[in-house]
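Here are my notes on this model, set down in the order I went through it. Have it open while you read.

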Amino acid sequence: YFYNNSSDGTVLSTFNNVTAMLEDRQGMIWVASNPSGISLFDPASGKVTILKYDRNDPQSLSYNAVTSLLEDRSGILWASTWGGGLSKHDPVARRFGHQRHFQTDPKSLGSPTASYFCETPDGSVWVISEIGLSKFKRQEGIFERFYINRPDQRILSIQPVQAGLPGTLWIGTSRGLKIFDAASGKFSDWHSPAGEDDAVENSAV
């Protein structure tokens, strides 16, 4: 196994705080950490490549505090960060492009702090940020924002509904579970029937 060991040439990162892991379609292992960027492990060679923010390289990782990873259907590897928006790694160019938050641009990412995301069957990438949800529209290269509009409620997790309700997302929040309808852009509360064994037991999901 691999761990933080400064005397070892195959360290995963400077710190042991792993936030996400992913095996891509090429068999490479991506290990995200906070605040040490991404370690890319090649099982065939045993080589570890460290991918970090470099202020002198605009095509490096946007920020070292990486919160989650996603490989989309086209093979692009997305990394969400807590402060630098999104970075997307092109497997051919082997460089990062970025989707950032700009305060004066309502079509940019909703916040520089992005925690988790998912891809829905239509190819849309949905991102959780401090303000709510941001939907990335690939063809236009812009984001659409959706707000819960409750200051005491934060989105904690996201998962597309796999069957039965196309275009629907399960949204875990600090105040229970919600269903988001992508067509209408509206959130609705979900409550498990009283007395059922599979009821949600905690308001934070």
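1. Ground rules. This is a predicted model, where local features need pLDDT of at least 70, side-chain atom pairs count only at pLDDT 80 or more, and totals for chains, interfaces and linings use all residues. Residues are numbered from 1 along each chain as its sequence is written, and side-chain values use heavy atoms, with hydrogens and water left out.

2. Overall make-up. The protein chain has 16 strands and 0 helices; these are DSSP runs numbered from the N terminus (helices H or I, at least four residues; strands E, at least two). Of its 205 residues, 44% are buried, where buried means under 20% relative accessible area, exposed over 50%, and partly exposed in between (1.4 Å probe, protein chains only). Take the contacts with a separation of 6 or more: 40% of them come from residues 24 or more positions apart. Contact here means heavy atoms within 4.5 Å.

3. A nonpolar core is a set of buried Ala, Val, Leu, Ile, Met, Phe, Trp, Tyr and Cys residues joined through side-chain atoms within 4.5 Å. The largest one has 14 residues, and W30, I38, L51, L61, V66, L69 and A79 have the most contacts inside it. At least two core residues come from each of β1 (18-23), β2 (29-33), β3 (37-42), β5 (66-71) and β6 (77-81). There is also a second, separate core of 12 residues, with W126, L169, I171 and F180 among them.

4. L69 up close. This leucine sits in strand β5 and is buried, at 13% relative accessible area. Beyond its neighbours within four places in sequence, L69 touches A20, M21, L22, W30, A32, I38, L77, W78, A79 and F117. Its C-alpha is 9.7 Å from that of S87, a residue 18 positions away in sequence.

5. What lines the largest pocket? It has a volume of about 550 Å³, and of its 25 lining residues, M28, W30, L40, H89 and R94 are the closest to the centre. Two or more lining residues come from each of β3, β4 (47-51) and β8 (95-99), and β4 gives the most, with 3. By class the lining has 8 nonpolar, 8 polar and 9 charged residues.

6. How the pocket was defined. On a 1 Å grid over the protein atoms alone, a pocket is an open set of points where a 1.4 Å probe fits, with protein on both sides within 12 Å along at least five of seven lines; lining residues have an atom within 4 Å of a point. Points are joined across faces, edges and corners, and the volume is the space filled by probe spheres set on them. For the classes, Ala, Val, Leu, Ile, Met, Phe, Trp, Tyr, Cys and Pro count as nonpolar, Asp, Glu, Lys and Arg as charged, and the others, Gly among them, as polar.

7. E119. Is this glutamate buried or exposed? E119 is buried, because its relative accessible area is 17%. It belongs to strand β9 (residues 114-119). Its side chain makes a polar contact with the side chain of R138 at 3.2 Å (a pair of N or O atoms within 3.5 Å; within protein, one must be able to donate a hydrogen and the other to accept it, and residues adjacent in sequence count only if both atoms are side-chain atoms). A polar atom of the E119 side chain also lies 3.1 Å from the backbone nitrogen of R73.

8. The loop between β8 and β9. S111 lies here and is buried, with a relative accessible area of 4%. Its side chain joins that of T113 in a polar contact of 2.9 Å. P112 is in this loop as well, but is partly exposed at 32%. P112 touches T81, W82, G83, G84, G85 and H101, leaving out residues up to four places away in sequence.

9. One for the backbone check. The peptide bond from N34 to P35 is cis, with omega near 20 degrees. P35 lies in the loop between β2 and β3.
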